[in-house]
Amino acid sequence: MMAVVVFDLDDTLYDELTYVRSGFRAVAQFLQRSWNLPAEPCYQRLVMRLAGGRGSIFDDVLQEFGVYSRKNVRQCLSVYRRHQPEICLFPAAEDCLRWLAPFPLYIVTDGNKLVQHNKIIALGLKERVRHCYITHRYGIKNAKPSPYCFWKICEREQVDPGQVIYVADNPRKDFVGIKPLGFKTVRILQGQYKDLVLEERFEARWRIQSLTGLTPEFLQQVLENEP
Ligand SMILES: [Mg+2]
């Protein structure tokens, strides 16, 4: 039986924090160009502020540097979203994509369309998978946990859900919508959700510590067992 392997993007194939830092660097340079603020301290401030949570970071830091306005915040957000990120795949993801190359591979990711697209280009993933599904292209209602893009993969490959393996890191939304339909679910215990324990229906059927655990033997086992 042929496996179709589908990956999540953020914190599954690469470290999402590296994207955030890369975006902050672009914003810091923008602050220097626009208001002659020193880029390096601005960057350090943005990174430090990140520890306090993701909301309103640009508001707070622009206020600190005395250049706050709603328009300026919007501009920072736009620079952040449009920047060409400097990010790279986890070494284990690189290995995985290499040995899995003969398989039909896909990506299903939520998030801002432009941001996710830029990440996919920067990581060179467009050439390495059959298609990257950015769920928001199909409307917010088809974002995870919706199985919409997973059914599209079944259609495209003419396979049943039991042949489709989803590898992802966020138990809040990655598995709960597709597991009951018979898709195979593998949770990778890394990133910000690695210690998150939720009730059984949110959990993946299988768990691995990193993509080094995604061996041919493991894949076979997933394929042969009940979801
Ligand atoms: Mg993720």
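**View 1. Spacing of the magnesium donors along the chain.** Along the chain, the donors of the magnesium ion follow the spacing D-x1-D-x158-D, where donors are N, O and S atoms within 2.8 Å of the metal (3.2 Å for Na, K and Ca), and because water is not among the atoms, sites may look incomplete. The protein donors are Asp8 (OD), Asp10 (O) and Asp169 (OD), which lie 2.1 to 2.3 Å from the magnesium ion. Both Asp8 and Asp10 are buried, a word that stands for under 20% relative accessible area, while exposed stands for over 50% and partly exposed for values in between (1.4 Å probe, protein chains only). This is a predicted model, in which local features need pLDDT of at least 70, side-chain atom pairs count only at pLDDT 80 or more, and totals for chains, interfaces and linings use all residues. Residues are numbered from 1 along each chain as its sequence is written, and side-chain values use heavy atoms, with hydrogens and water left out.

View 2. Asn72 has its place in helix H4, which covers residues 70-82; helices (H or I, at least four residues) and strands (E, at least two) are DSSP runs, numbered from the N terminus. Is Asn72 buried or exposed? With a relative accessibility of 12%, Asn72 counts as buried. If residues up to four places away in sequence are not counted, Asn72 touches Trp35, Leu62 and Val67, a contact being heavy atoms within 4.5 Å.

**View 3. Val197 in a loop between two strands.** Val197 lies in the loop between strand E5 (184-188) and strand E6 (206-208). The relative accessible area of Val197 is 72%, so this residue is exposed. Between Val197 and Leu62 there are 135 residues of separation in sequence and 36 Å in space, taken from C-alpha to C-alpha.

**View 4. The chain around these sites.** The chain has eight helices and six strands, and from the N terminus on its elements run β-α-α-α-α-α-β-α-β-α-β-β-β-α. Its radius of gyration is 19 Å, close to the 17 Å that the globule rule gives for 227 residues, so the chain is as compact as a globular protein of that length; the radius is taken over C-alpha atoms, and the rule is 2.2 Å times the number of residues to the power 0.38. Buried residues make up 52% of the 227 residues, and among contacts between residues at least 6 apart in sequence, 62% join residues at least 24 apart.
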